[in-house]
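My entries follow the order in which I checked them.

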Amino acid sequence: MNIVVIGSGVMGPGIAQVFLMGGHHVIMSDIKVEALAEGTKEIRNSLTLMASKGITNQDVTTLMSNFQTMTSLEEAVKDADLVIEAIPEVINIKQKVYEDLDQFCPKDTVIVSNTSALPLPEIFPHFRPGSFFVAHFMNPPQIIPLVEIVKNDKTNPEKVAWLREVLEKCGKKPIVINQFIKGFLINRMQTAMAREALYLYEKGVVSLEDLDVANTACIGFKSAWQGTFETMDYIGLDTCAFAYNIIFPDLCNDTTVPATVTQKVKEGKLGLKSGEGFFTYPEDSNEVSMQRQAGLLEQLKLFNDYIKE
Ligand SMILES: NC(=O)c1ccc[n+]([C@@H]2O[C@H](COP(=O)([O-])OP(=O)(O)OC[C@H]3O[C@@H](n4cnc5c(N)ncnc54)[C@H](O)[C@@H]3O)[C@@H](O)[C@H]2O)c1
């Protein structure tokens, strides 16, 4: 199958890698030659790392022989079965690319956007209705199994089923969101937890360090093996009802960005990318990213061996 990824920034290379590992021919297109060179290097390094950890037994050189980069969108998409758009979250830029895609893609190409938040099929209702929808990959996309496929009123269910199967065959775990909703599913759930964590921290109930331990040593530790609804079943729904009755009214329901975050942003303390956020980081942020990736790859091995089915 011919897969085209548009955009070679944070997300594009990892998305391209998913389809390469699934045995497809992949073209990555970007307006910047340097971005394509950097993205190609990232894919090769990541494949090599995955091969060294036994996550793939496919030969890296063979996989890379199925990969091309192009600056010409027209040339890239002329035989595309599936296009994944991963360019910046700027409406004007997306609009121009969609106009080009409409002109250059075959009529039956499925076109998805990796947008994190924009209701694109609503903003561009005349762009390939039925065949254009959202497929939201998680960062880093070559590692995190989940992909959110977000339908809209016009989405052709057969195209959704087709994409779901293609992704599953590439080793992903797609889920379908039946209507466009702000934040889709993952960002809504993560944001709900972040709001409560920030609230408890601001009230001085618990330290940042201990809040993060709550995730790694309990919530995340268990969540990798059991879902929210399974967890409720394990607890017992009568016990859940009793606890919710007491806890729900006490939870944070603020609708503004917490002061701790706005203050940090004002001070330029943006997290890993600026060397300081809630915690401080070494100057070479690459070191931290590699460490994080190594941990996630161990988790992926467990997921593939035990959890996936
Ligand atoms: N960064 C994340 O963690 C993340 C996670 C999930 C979804 N997303 C979404 O994915 C999309 C891409 O995000 P990103 O973080 O990879 O962006 P990015 O800014 O890192 O990369 C975008 C790339 O697109 C290229 N580009 C710009 N205009 C182009 C054009 N007209 N044609 C071709 N290429 C063009 C840029 O040169 C750049 O290399 C966004 O919609 C974003 O919301 C991002």
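Entry 1, ground rules. I am working with a predicted model, in which local features need pLDDT of at least 70, side-chain atom pairs count only at pLDDT 80 or more, and totals for chains, interfaces and linings use all residues. Residues are numbered from 1 along each chain as its sequence is written, and side-chain values use heavy atoms, with hydrogens and water left out.

I took a salt bridge as a side-chain nitrogen of Lys or Arg within 4 Å of a carboxyl oxygen of Asp or Glu. The count came to twelve salt bridges. I looked up E85 and K94, whose closest N and O atoms are 2.7 Å apart. Are E85 and K94 buried or exposed? Both are buried, where buried means under 20% relative accessible area, exposed over 50% and partly exposed in between (1.4 Å probe, protein chains only).

I then looked up E75 and K78, which form a salt bridge at 3.1 Å, N to O. E75 is partly exposed at 40% relative accessible area, and K78 is partly exposed at 42%. I also noted a salt bridge network that links K53, E298 and K301.

I found one cavity of 30 Å³ or more. For the terms, a 1 Å grid over the protein atoms alone is used: a cavity is a set of points where a 1.4 Å probe fits but cannot get out, a pocket is an open set with protein on both sides within 12 Å along at least five of seven lines, and lining residues have an atom within 4 Å of a point. The largest cavity holds about 40 Å³ of space. Its lining includes P121, F124, R128 and K154.

I checked UniProt, where an unreviewed entry places the feature "binding site" at positions including G7, S8, G9, V10, E89, K94, N139 and K273. The annotated positions spread over 267 residues of sequence and up to 25.3 Å between C-alpha atoms. From this set, S8, G9, V10 and N139 belong to the lining of the second largest pocket. Such annotations may be inferred rather than shown by experiment.

I found G7 buried, with a relative accessible area of 4%. Contact here means heavy atoms within 4.5 Å. Leaving out residues up to four places away in sequence, G7 touches G12, M28, S29, D30, A86 and I87. N139 is partly exposed at 42%, and with that exclusion N139 touches V10, M11, I144 and R292.

Terms used. Points joined across faces, edges and corners; volume = space filled by probe spheres on them.
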